[in-house]
Amino acid sequence: MVFYFNARPESGDYTIFMGLDKFENEELIKYGFPEDIWFHVDKMSSAHVYVRLHKGQTIDGMSEGLLEDCAQLVKANSIQGNKVNNIDVVYTPWSNLKKTASMDVGQVGFHNSKMVRTVRVEKRINEIVNRLNKTKVERKPDLKAEREAVNAAERAERKQQLREKKRREELERLDKERQAELRSYKGLMVAENMTSNKQVASGSKSLQELEEDFM
């Protein structure tokens, strides 16, 4: 089971989601998207909360409102973290999550600690948590199939881009050949004209020769 929430409208069209338990968390870790940002209460047990950014958007491009929604939701879904104030929430791109065979189900580490951000949450804000919960939808998605479908679409797009690139390169090659032929033709015409002028000059008598003929 995966729970989906709508972020505040003024932040844009974003979906925040989290797994029901560590088994769903494992699936989310395995079949995440490059645009996913992962949230967790630092040094405490909590839900794994994600937000899917738009293509081309980076973690530093998140608005404060969207960041606050994610941080409040992850705090509210931490048994220990929900009871105390001034907790830290860590967040990082999905691609930075590290999973090894020795880790327990749902447990993760990081490839690069420098890519991990931290936001301080002073206290739970019920207004935000209640607003998010009103948009909550439960689904049982086939995360593997969703990821494979996106992969297939991306492969098809890359193939189309490659075909377009090859087509442009072929058109450019043909155009260069045509331009080269035109330059060669013009050069030939100039050479022929120069040859004709020389022939006319060589075929004409000089003034001295004409005077000698007259004499």
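1. Arg163 is placed in helix H4, which spans residues 143-203; helices here are DSSP runs of H or I with at least four residues, strands are runs of E with at least two, and both are numbered from the N terminus. The model is a predicted one, in which local features need pLDDT of at least 70 and side-chain atom pairs count only at pLDDT 80 or more, while totals for chains, interfaces and linings use all residues. Residues are numbered from 1 along each chain as its sequence is written, and side-chain values use heavy atoms, with hydrogens and water left out.

2. Arg163 also belongs to a positive surface patch, together with Arg155, Arg158 and Lys159. Patch residues have over 30% relative accessible area and no salt bridge, like charges being joined within 9 Å; a salt bridge is a side-chain nitrogen of Lys or Arg within 4 Å of a carboxyl oxygen of Asp or Glu.

3. The protein has 5 helices and 9 strands, and buried residues (under 20% relative accessible area, with exposed meaning over 50%, for a 1.4 Å probe and protein chains only) account for 33% of its 215 residues.

4. In helix H1 (residues 22-30), Glu24, Asn25, Leu28 and Ile29 are buried. Seen down the axis of H1, these buried residues fall within an arc of 145 degrees, so they line one face of the helix, whereas Phe23 and Lys30 are exposed on the other side.

5. In helix H3 (residues 126-134), the buried residues are Ile128, Val129 and Leu132. Viewed down the axis of H3, they fall within an arc of 95 degrees and so line one face of the helix, while Glu127 and Lys134 are exposed on the other side.

Notes: Patch = residues over 30% accessible without salt bridge, like charges linked within 9 Å, V, L, I, M, F, W, Y side chains within 5 Å. Areas by Shrake-Rupley, 256 points an atom, 1.4 Å probe, with all protein chains shown as cover. Lys, Arg positive; Asp, Glu negative; His and termini not counted. Charge placed at Lys NZ, Arg CZ, Asp CG, Glu CD. Arc of directions from axis to C-beta.
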